[in-house]
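Subject: Structure for you to look at

Hello,

Here is the structure I said I would pass on. My notes follow below it.

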Amino acid sequence: MDRSNYWLVLVFFILGTTITLAQNKTIRGTVTDQNGLPLPGVNVIVQGTSNGTQTDFDGNYTIQGNDGQTLIFSYLGQKTVTQPIGESNVIDIQMVEDAEALEEVIVTGQGSGIQKRKLSTTVDVLTEEDIDKLPSNQIDAMLQASTPSAQIRLSSGQPGTASIIRTRGPISAATSSTPVIIVDGVRVDNLNSSPQLGLGTGGANVSALADIPVESIERIEYIKGGAATTLYGADAANGVIQVITKKGREGRATAFFESSLGVIKGTEDYLRYKRTAEALFSTGLSQEFKVGFSGGGKGFSYNFGGSLYKDDSFNNLNEQVKRSFTFGYKAKLSKKMDYQGSFSYTGFESNLDFNANFTTLSRFSGFESAGRGNLDELTDEEWQAELERSDRINPLVDNTQTINRITGSNKFTYTFSNALQANATIGIDYRTSVSEQIQSNSFQVATGTIPEGTTDQAILGRLLRNAFTVTADLNFTHKANLNDFSFVTILGGQFFRSTDRQNQINGTGGVDGTRSVNNFATQTVLDFVLENANYGLYFLENVGFFNVAFLELGGRLDRNTSAGENTNPLFLPKIGMVYNLSDHDFYKRNGINDIVSTIKLRANYGEATNFAQPFSQDRTFSLNSFLGAPSFTFANPGNPDLVSERVKTTEFGLELGFFGNRLNLSGTRYDATTEDALFTPISPPSDGQLNQIQNIGEVSNKGWEFALDATLIQTKKHRLGINLSYNTNENVVVSSGGGAPFVVGGFQVIGSVVEEGQSLGYLRGTAAVLQDDGSYEFEPNSNLGDTFAPYFGSIGLNYTWGSFNLFATGDYQFGGKITDLSFLLRNLREFDSEGIPEELNGNTSPFNYVNFFVFDNDFLKIRTIGASYDFGNVVKPFSNIRFGLTVTNPFNWTAGNFDPENTGSGIALQNGFASGGFAYGTESLPRIFLSSLRFQF
Amino acid sequence: MNKIIIVFSILFLAISCTDDFSNVVDFTEVENPNLSEESVIGQPNSSVIWLTGLERQLSLAINNTLVLAELGSDNYVNTQTFFSQFMDELDIQITDPNIRNAGFTIQRLREMAVFGLTEVGPADPEYVATTEAEYHFFYGISLLYSAMYFSALPQEPVGIPVSSAQNYRDAIAAFDLAIGINPLPEYHLAKARANYYLGNKADAVAAAQQALALDGSFDRFATFDQANGPTNTMEAALFARGTFDDLQPLPTLDFLDPKYSFLTPLEDPPVHYLKAEEAHLILAEANISDGNIATAQDNLRDLLDVIATREVRSIDDSIEGRTENAPGSRPNNANVAVNFRGLGLVLDRQAGNVDIPAVSGTSLTEFDVDMMVAGDNAVELLYRTRQEVFIAEGIRFVDMGIKLVIDENEILQNDNISMGDPGTVPVIPPFIASVVTDLDAITYDAAAGVATTVVDVTQILVGNKESDLVLPFH
């Protein structure tokens with residue numbers, strides 16, 4: 001960028017006013033599309049200058065220029081128009097769609113992007129427009145209900161909560177189903193559970209997904225597993241979420257400022273006792289300020305987005321503050337060399353209340369599971385005492401998290417010729433988190449865990465986690481056409497290396513009033529390290545036939561340092577075919593084209609992997625400090641044959657578009673088998689050894705994915721679109737390698753279990769079954785249902801009327817089961833026996849009739865309803881003022897009278913398997929009423 | 001000039017390339033920070049560190065057996081779900097992970113002892129005889145615990161299950177090896193206990209006498225690390241979890257609870273697993289069974305003398321309400337009489353500190369001993385004393401003749417075991433099975449200050465003393 005551009009940007013940003021250089025003529029006009037509809041946001045620039053503007057919402061523009069100069073009109077998806085300035089002061093332009101540019105390009109795999117029509121796999125895409133509408137500032141919450149085939153369940157209403165993200169069913173018993181997340185080609189920390197070391201919060205934790213900056217995203221691609229992720233290697237079997245940040249566009253510099261104000265209200269729908277809300281809920285406020293500016297001149301462009309966010313939550317404890325910015329930059333370094341860079345920072349501070357497992361410490365769970373008695377039956381005086389106790393504890397709860405994260409990406413593209421291009425990417429992600437918990441003496445006295453008057457038993461815990469990932473990729477893309485054949489060849493190599501260092505510092509025997517471990521009588525330290533390097537070579541050949549059919553062949557030779565010493569690199573092949581029947585000229589000329597405008601058939605096979613936790617292949621010993629003396633013991637037994645588990649997916653799909661693609665249907669059948677599945681069976685106790693992860697299992701997932709989107713109304717002023725998806729998943733553990741069933745979550749009396757012939761993580765427990773004679777028989781180890789809802793999908797609506805937009809998103813699931821653990825505890829404490837037969841209640845242990853605590857996990861939830869209005873350029877200097885209103889989580893329908901999403905305490909291990917089969921002890925997502933005002937310069 | 005620059009540049013690059021620069025760009029190198037086998041075997045003093053590991057493993061094994069054994073016996077009732085969800089009802093299942101952990105930790109102790117004897121010890125230049133004796137002792141202890149709590153358990157990885165009796169016999173062999181190297185009183189007592197449960201009265205008596213001859217008040221205990229773990233699980237159940245009131249004692253044993261309470265931020269209270277009292281009790285029981293009441297009385301007087309020397313801790317137990325979940329449901333003050341035995345068995349924990357024996361306590365008095373006459377009453381008195389002295393030490397459960405089962409994972413992965421084999425089926429004597437639901441049941445009239453246990457397990461045991469499953473000397 002030359003110096004004058006710097007000044008231009010600065011002046012744009014500071015003054016927010018349009019600076020124009022002296023020109024002697026004002027030109028006006030309207031830009032329309034090929035249907036005559038006005039096109040807002042078209043870049044209009046005087047060629048050879050940095051003088052430019054954008055059309056407003058009615059397609060109108062004004063610009064200063066001289067006779068003889070040329071105006072350039074550019075807009076994504078439209079052919080660029082150049083128009084010399086003549087005598088007239090009015091230049092109206094009708095732009096024409098650029099068919100080639102409109103062909104969506106997917107960044108999938110590695111190498112240069114490939115046009116979507118050439119791909120045999122499907123990718124769910126969120127565009128800038130979709131993203132800007134969504135009120136959330138957490139990426140998983142944004143994707144929830146806005147991607148057709150992903151199931152995303154946020155497990156608590158607390159800040160930054162972990163989520164369960166799944167697409168094609170649970171493929172692994174060893175790892176979380178969270179996809180790999182790649183920001184501008186760089187892998188980022190995607191820890192979506194408690195870390196390995198952790199402070200006891202009863203399952204409350206902050207996910208690394210909560211601090212990926214979202215204010216400058218141009219596009220999110222959700223690539224499901226199978227052939228689509230083969231080239232990513234390593235742990236991409238759960239899919240990949242690609243985030244592409246904005247880098248700005250050549251044209252007039254623009255800027256915006258947005259202010260949002262929200263009201264956050266606790267969701268009381270599922271509370272067993274209304275008094276719980278009285279004690280804990282307190283409607284809060286959220287505030288956010290966002291700024292952004294972007295633009296570009298000849299050979300460069302830039303984008304900056306920044307945000308400051310604060311909320312004090314729906315309860316009287318949680319607070320969060322988030323500060324983030326992203327800077328993206330694109331430059332033409334030479335005729336052949338291009339550069340793209342991005343850099344982002346997030347600072348995130350929040351505090352957490354205790355969740356389920358600490359019933360004495362978790363007030364919410366204490367109330368809801370009747371740990372404080374039946375709240376409805378307490379007298380006013382008793383309740384008053386409870387309220388006072390709760391209010392006494394409230395300011396003393398001290399679980400804080402501070403996260404700082406930076407992500408940087410650099411991509412160089414060298415264009416040897418029109419046919420050959422090289423791409424090199426290198427980038428890093430560094431996320432450091434400090435979690436701190438202080439259980440002061442006064443806190444412990446207030447919760448009743450130590451006697452009144454104790455002053456020297458304060459506890460401090462601090463967990464430091466540093467996660468660093470470096471990613472590098474070099475690839476070559478060659479494109480060629482030979483008569484009716486086209487060839488895209490990609491050859492590349494990639495590596496990423498991640499290091500996760502955790503240190504936990506504990507202090508006990510302290511007095512109140514300090515946050516330094518130095519001031520505690522005893523201090524202990526724990527550490528934990530994970531280090532992994534993954535590297536591979538990959539190739540892809542996409543052969544086109546007559547520009548309608550394409551054959552993809554590819555593979556990756558993959559190696560990672562978490563494999564045992566007896567193993568070899570894995571070769572992961574993929575093959576795919578796609579046939580765009582409707583692209584044949586004969587078809588386009590045929591009358592049926594008006595009715596069925598798109599027919600695309602696709603099929604593919606591909607393999608993708610997940611690797612075991614680093615170092616789990618090694619035989620190790622440990623030395624523990626035991627009363628001040630060193631003591632040895634066996635640690636990990638080791639497995640020199642350990643390799644990544646391999647998911648083999650076959651997929652068939654059909655895409656249909658009707659009536660000029662106003663109605664689009666997509667259907668996919670997938671069949672995925674996880675071979676050499678990583679199971680950690682319980683070792684025979686006679687071994688005396690810890691459990692060792694082994695490649696002994698096999699898991700099958702089969703299902704259908706259907707998506708429909710339709711434009712029901714499209715007139716000059718109105719547009720009404722809807723979308724709907726329906727997905728099925730059939731999951732079974734084909735083989736557990738001869739081992740006994742093992743519990744991967746939950747409890748002894750009712751566990752989430754891996755067992756041959758059953759769904760992964762199904763619910764198992766003792767069922768009381770009514771016999772013909774009216775008595776009950778107790779059947780231990782009964783199948784109480786699958787934790788994964790096998791039927792799910794999303795719904796959406798989008799209506800535009802001129803400058804007004806209304807949209808809604810929602811999602812649903814049915815067919816699965818979930819345990820209401822709060823109810824179980826209430827029953828155990830003899831405060832709630834609703835629906836439990838008299839013959840059982842009180843006459844036997846509740847653990848003999850756990851089936852009565854298991855319910856359908858069906859729900860339909862409307863996640864967001866939003867409306868916005870663009871006032872246009874009514875107030876100078878703003879080119880537009882947008883007012884937006886959104887309501888988050890306004891309506892819920894569930895099968896049971898608890899929230900089946902609240903699985904706050906479900907994930908036991910770092911990135912471990914999460915079944916989500918237990919609802920327990922944490923608040924639901926709150927309702928948020930958010931208003932925003934956005935000033936566009 | 002240009003030539004000079006070029007030559008200089010080439011020279012500079014050549015020199016800088018000679019340095020080993022590969023590790024700067026090698027991204028595949030990862031280092032497991034944990035200990036490998038080479039860091040353990042063959043290192044000087046590794047045998048001592050391994051021995052501390054065995055001590056620690058025993059503490060883990062005790063943690064995993066004690067709570068189960070105490071819940072399974074009449075000593076304690078479980079008011080929560082944290083420690084076990086089955087054992088209070090003697091619902092012994094092959095799928096219960098708590099039972100698996102008990103079996104696992106005991107067998108891990110054995111594997112560690114074997115590894116010490118075969119690998120770590122011989123490779124350590126500093127290996128000494130006393131360490132070797134301890135390795136044998138711990139091997140014996142793992143077999144002793146196998147025999148006490150399981151009707152059968154393998155003695156090697158996925159090995160053939162060995163009966164309880166054979167495990168006792170092999171434990172004795174191991175203790176003999178330890179005694180051969182370094183005779184310690186606890187080695188003799190461990191041997192005495194194995195012989196006691198085998199019913200080998202003469203051998204048990206001989207071993208008990210040898211133990212006492214070496215030291216009349218010895219006490220071998222397992223230690224617990226409050227800071228680094230393992231902490232004492234039983235202490236958590238009885239005391240540390242405060243208002244949870246997880247395990248509640250039978251009112252007749254109230255004055256002995258909690259045997260374990262907060263010690264220091266560094267150390268949790270120890271479990272006294274082999275103490276002189278047991279030798280006196282074995283001798284007394286042998287004499288009672290032989291009709292030597294006077295000698296038995298002497299043994300019991302010796303017992304009281306030892307108990308009198310043991311630590312009694314004054315503790316603030318006010319946080320433990322006895323009645324947190326169901327107010328008024330359990331005796332909680334000194335005005336309650338239990339089983340018509342007068343006052344003193346139940347303490348008032350809200351009236352200042354209470355004095356609780358930390359090693360051994362009993363309601364047995366000199367007067368009781370003086371009044372003792374031959375017959376079942378003497379056996380009952382002895383068994384009541386055993387229950388009191390060994391509370392929270394896992395012995396009552398063994399005295400009741402109950403045995404746990406081999407875990408499902410062993411059954412499925414061990415070719416030598418099939419479902420239904422001995423060892424896979426729980427052993428509960430029929431006279432215990434018939435009163436399972438009443439084992440720790442009480443009736444309590446708070447107003448009248450009268451509490452009564454629904455059954456008296458000591459009486460039941462003595463009433464069935466002819467059974468092979470209990471009272472081995474009778």
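Axes here are lines fitted to C-alpha atoms, for helices over the stretch in contact, and angles run from 0 to 180 degrees between N-to-C directions. Helices (H or I, at least four residues) and strands (E, at least two) are DSSP runs, numbered from the N terminus. This is a predicted model, in which local features need pLDDT of at least 70 and side-chain atom pairs count only at pLDDT 80 or more, while totals for chains, interfaces and linings use all residues. Residues are numbered from 1 along each chain as its sequence is written, and chains are lettered from A and ligands numbered from 1 in the order in which they are written.

Helix packing in chain B

α3(B) and helix α5 (residues 129–149) of chain B pack at about 15°, with 10 Å between their axes. The two are therefore roughly parallel (angles under 35 degrees; over 145 is roughly antiparallel, 65 to 115 roughly perpendicular, the rest oblique). Residues in contact have C-beta atoms, placed from the backbone, within 7 Å. On the α3(B) side, the residues that meet α5(B) include L51(B), L54(B) and L58(B), and their partners include F138(B) and I141(B). This contact divides into ten nonpolar residues, three polar and one charged; Ala, Val, Leu, Ile, Met, Phe, Trp, Tyr, Cys and Pro count as nonpolar, Asp, Glu, Lys and Arg as charged, and the others, Gly among them, as polar.

Helix α4 (residues 97–123) of chain B packs on α5(B) at about 155°, with the axes 9 Å apart, and α4(B) and α5(B) are therefore roughly antiparallel. Their contact has 13 nonpolar, six polar and two charged residues.

Cores

A nonpolar core is a set of buried Ala, Val, Leu, Ile, Met, Phe, Trp, Tyr and Cys residues joined through C-beta atoms within 7 Å. Buried means 20 or more other C-beta atoms within 10 Å of a residue's own (exposed: 12 or fewer; partly exposed: in between), with C-beta atoms placed from the backbone. The largest core has 136 residues, of which A208(B) and I282(B) touch the most other members. Helix α3 (residues 46–72) of chain B contributes the most to this core, 14 residues. A second, separate core of 106 residues includes I114(A) and Y538(A).

Chain contact

Chain A puts 52 residues into the contact and chain B 60. On the chain A side, β26(A) gives the most, with eight residues. That side is made up of 25 nonpolar, 21 polar and six charged residues.

Regards

Notes:
Two residues are in contact if their C-beta atoms, placed from the backbone, lie within 7 Å.
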